[in-house]
Amino acid sequence: MHIPDGFLSTPVWITLDLAAVPAVAWAARKAQADLESPGGTTGANTDDRRIPLLGVMGAFVFAAQMINFPVGLGTSGHLVGGALLAIALGPATAATVMTAVLILQAFLLQDGGVMALGANILNMAVAGVMMGYLPYRLWGRGKTRQAAIFLGGFFSVAISAALALGELMVSGAPLSHRLVVISGTLFVIGALIEGAITVAAVRAIERLNAGWVRPAEPVRMRSIVLAAVGAIALIGFGIVLASKAPDALESALSLRSEVNAALLDKNWSRELHRALAGLSGMVILYACLMMLARWFGRQRSA
Amino acid sequence: MASALRHASVERWSRGSSPLHRVDARAKLIALLVFLTAVATTSKHAPWIYAAFFVLLGSAIFLARLPVMAMLARAALVLPFSAVFAAMTWWAGDFPTAAVLVAKSFLSILAALTLAASTPWVRLLDALAFLRVPRPLLLVIQFLARYLFVVGNQVAHMRLAAQARGGIGKSSLSGFHAAAGAVGVLFARSWERADGIYKAMLARGFTGRFPAPQVAPFLARDVAFLCAAVFVTVAVRFAL
Amino acid sequence: MKPETENVIDVRGLRYRYPDGTLALDGIDFRLHAGECAAVFGANGSGKTTFVMHLNGLLRGEGSIEVCGLRIDGSAKADTLAAVRARVGLVFQNSEEQLFMPTVLADVAFGVANMGLSSENAARKAKEALEQVGMAGAAEKAPYHLSAGEKRRVAIAGVLAMQPDILVLDEPTTSLDPPGQRELLQLLRRLPQAKILVTHDVDFAAALAARAVFFERGRIAGDGEIHSIIEQFHWSRGSE
């Protein structure tokens with residue numbers, strides 16, 4: 001699901017790169033303040049002490065992805081890890097670790113593009129981690145706990161995939177209806193597998209040391225969180241749908257298109273429409289994520 | 001992780017001593033970003049511009065004395081992904097867009113690879129710091145890169161041990177649980193390792209802040225490289 | 001008995017309980033003279049490593065600990081701890097965790113930089129320490145690429161750069177081949193610091209230390225000439 005360079009149209013990757021900057025800055029700052037250092041070692045009570053933990057956990061994600069999970073029919077899947085990290089270490093820490101993983105992949109391993117880094121970070125390290133954590137945050141206590149962990153794994157992969165698909169479509173990738181259905185089905189299967197692996201992995205970790213997985217905090221303002229979940233899910237899938245009907249978007253932007261048509265030749269104006277459609281969708285999504293992020297921040301510090 | 005193992009060869013290349021290796025990482029990183037932007041914004045109706053970009057990149061690879069075929073093979077990893085999308089575009093009757101998609105993705109990955117193969121990763125992190133990537137995040141990446149192979153080798157050992165005991169489960173379900181158990185053990189070991197590292201840091205007087213890295217000066221050579229690279233890239237993008 | 005002032009380490013009545021309630025150290029009295037070398041023996045879990053963790057304040061128990069006249073207790077301030085950590089160089093068993101920085105030079109400079117030296121001065125001290133352990137040629141290498149013996153020597157350089165009065169080595173011979181052990185022995189013999197050697201490797205300890213203390217269930221059960229301690233506790237492998 002790493003988008004390489006060359007696939008996203010310029011306005012889309014620029015927007016997403018710009019959007020990723022504050023999200024990453026927020027997560028990185030938050031991650032340092034979160035949790036105490038491993039093992040509760042005594043020492044200076046300042047900032048950088050969680051860095052070794054975060055770095056080694058990044059290496060853990062890479063290595064855990066090497067472990068094959070047989071999923072029947074002779075095939076195997078592997079952990080993606082966003083939800084697992086979010087549940088075990090908290091969302092800000094998980095987002096920072098996943099961002100570090102993605103930057104390393106883009107620059108050193110050429111997994112995912114350099115210009116597409118913002119898109120990949122928002123899809124996987126921000127949206128994927130947030131969605132991986134929300135069900136656990138909401139229902140992670142009592143009888144619903146296992147189901148919440150499963151849903152976390154499921155949604156983290158589903159939202160990342162849906163966003164990636166949406167961004168590709170907004171960028172003008174010629175995905176036919178049938179292909180969207182096929183890839184959608186594959187994504188759902190992948191998401192189900194991630195859910196199952198996340199449940200099994202969290203259980204295995206807790207069996208070794210129950211203290212390693214953070215308990216879900218009691219929920220306040222459940223309705224706001226639910227609204228946020230709904231908003232993200234809707235926008236994610238909305239982008240996919242919207243880009244399947246570019247004409248509708250174009251007519252919605254018809255005023256602009258007339259102005260543009262006067263200024264630019266046909267080709268340019270169409271590209272601009274696509275770009276604007278993509279831009280507005282991304283801006284809305286970004287605003288929602290940032291609101292959510294800020295809300296989480298307040299909840300935590302409260 | 002397969003990608004991490006691929007990194008072993010790039011890491012070896014990055015320790016070279018060619019003229020390109022000696023250029024400041026900041027200059028190379030900015031040149032890369034300019035190049036990628038130029039590639040991304042080039043129209044699909046100008047195939048010769050793409051050809052010129054290939055020549056430009058080829059001369060950088062030549063300057064860095066990197067193994068051309070191995071580099072091309074590494075960069076070709078993006079092709080299956082591009083080919084699927086290109087095929088669909090072609091199917092939809094738009095050959096230029098299809099061709100350009102392949103060219104853009106291949107050029108971009110090759111350019112990023114050239115930077116990685118001509119710059120030790122520690123210098124690359126310094127360059128990212130210069131671009132104001134938050135320092136804590138870079139320190140996390142530094143530790144991640146340091147322990148990537150260490151933790152990866154642990155998985156390899158665990159796999160070997162499982163095989164020595166007769167392989168992981170016959171049935172899918174027990175295999176699934178064995179794999180989950182392996183993830184759990186790996187998590188535990190990683191946690192303990194982080195604790196050990198932190199203790200080692202404290203033992204050497206860690207005060208809560210990493211000492212600031214030494215910043216190398218930007219030499220005339222680096223300025224010259226950056227100006228030349230940006231000028232040629234922009235010239236190709238607009239003048240041809 | 002030498003006068004009290006020459007003790008670089010003076011521990012009295014040290015008790016430590018783990019967070020889970022287990023009593024790990026139960027009244028330890030231990031003194032070490034400047035330049036003296038003492039081996040610490042004892043079964044796994046007898047409290048050896050827990051004990052040495054107290055010597056530079058990584059763990060804090062009840063009782064009194066003085067290092068070069070500096071008291072470490074519950075109220076010890078950060079600057080006292082920093083001073084103690086500069087005096088006591090702790091070399092851990094796991095070099096992979098001890099060497100956490102991306103290059104050998106950066107790692108050896110880490111402790112010195114924490115003492116507040118400028119990055120140039122820290123790098124200079126680090127180079128001197130690398131010279132001392134015969135690893136000057138590896139300054140720019142990644143720790144991951146070193147052999148076990150080289151890693152150990154770099155880890156020692158990392159604490160030597162801080163110019164400590166006491167070296168504490170936890171299982172220094174782990175994963176070293178016989179030539180590696182021989183080189184380590186020669187290196188340690190050259191170093192003038194007082195040394196505490198926590199180890200199961202009786203032969204190595206006897207080649208270096210004249211004195212040994214024996215830990216048993218959180219207490220010091222024996223303290224004296226190394227060969228008599230080995231005999232008293234049947235602390236060797238072999239038939240004689």
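Okay, let me start with polar contacts: between chain B and chain A, we count 3 residue pairs in polar contact, both partners at pLDDT 80 or more. Bear in mind that this is a predicted model. As for salt bridges across the interface of chain B and chain A, the rule finds 0.

So what does that interface look like? On the contact side, 76 residues of chain B touch 70 residues of chain A. The area buried between the two chains comes to about 6600 Å², and carbon and sulfur atoms give 80% of that. B:Phe176, B:Phe187 and B:Trp191 supply 12% of the area that chain B buries against chain A, more than any other three residues.

Which helix of chain B gives the most to the side that touches chain A? That's H10(B), with 24 residues. By class, that side of chain B has 50 nonpolar, 17 polar and 9 charged residues.

Now, aromatics. Over all chains, the structure holds 24 aromatic pairs. Take A:Phe154 and A:Phe155: their ring centres are 5.6 Å apart with planes at 80°, so that pair is edge-to-face. A:Phe154 is buried, at 18% relative accessible area, while A:Phe155 counts as partly exposed at 29%.

Then there's B:Phe149 with C:Tyr144, centres 5.6 Å apart and planes at 35°, so this one is tilted. B:Phe149 sits in helix H9 of chain B and C:Tyr144 in the loop between H5 and H6 of chain C, so the pair joins two chains. B:Phe149 is buried at 16%; C:Tyr144, at 26%, is partly exposed.

Last one: B:Phe143, B:Tyr198, B:Phe206, B:Phe210, C:Phe100 and C:Phe110 form one aromatic cluster.

Conventions: Residues are numbered from 1 along each chain as its sequence is written. Chains are lettered from A and ligands numbered from 1 in the order in which they are written. This is a predicted model: local features need pLDDT of at least 70, side-chain atom pairs count only at pLDDT 80 or more; totals for chains, interfaces and linings use all residues. Side-chain values use heavy atoms; hydrogens and water are left out. Contact means heavy atoms within 4.5 Å. Buried area is the accessible area (1.4 Å probe) that two parts lose on being put together, summed over both. A salt bridge is a side-chain nitrogen of Lys or Arg within 4 Å of a carboxyl oxygen of Asp or Glu. A polar contact is a pair of N or O atoms within 3.5 Å; within protein, one must be able to donate a hydrogen and the other to accept it, and residues adjacent in sequence count only if both atoms are side-chain atoms. Helices (H or I, at least four residues) and strands (E, at least two) are DSSP runs, numbered from the N terminus. Ala, Val, Leu, Ile, Met, Phe, Trp, Tyr, Cys and Pro count as nonpolar, Asp, Glu, Lys and Arg as charged, and the others, Gly among them, as polar. Rings of Phe, Tyr and Trp (its six-membered ring) pair if their centres lie within 6.5 Å; planes under 30 degrees apart count as stacked, over 60 as edge-to-face and the rest as tilted. Buried means under 20% relative accessible area, exposed over 50%, partly exposed in between (1.4 Å probe, protein chains only).
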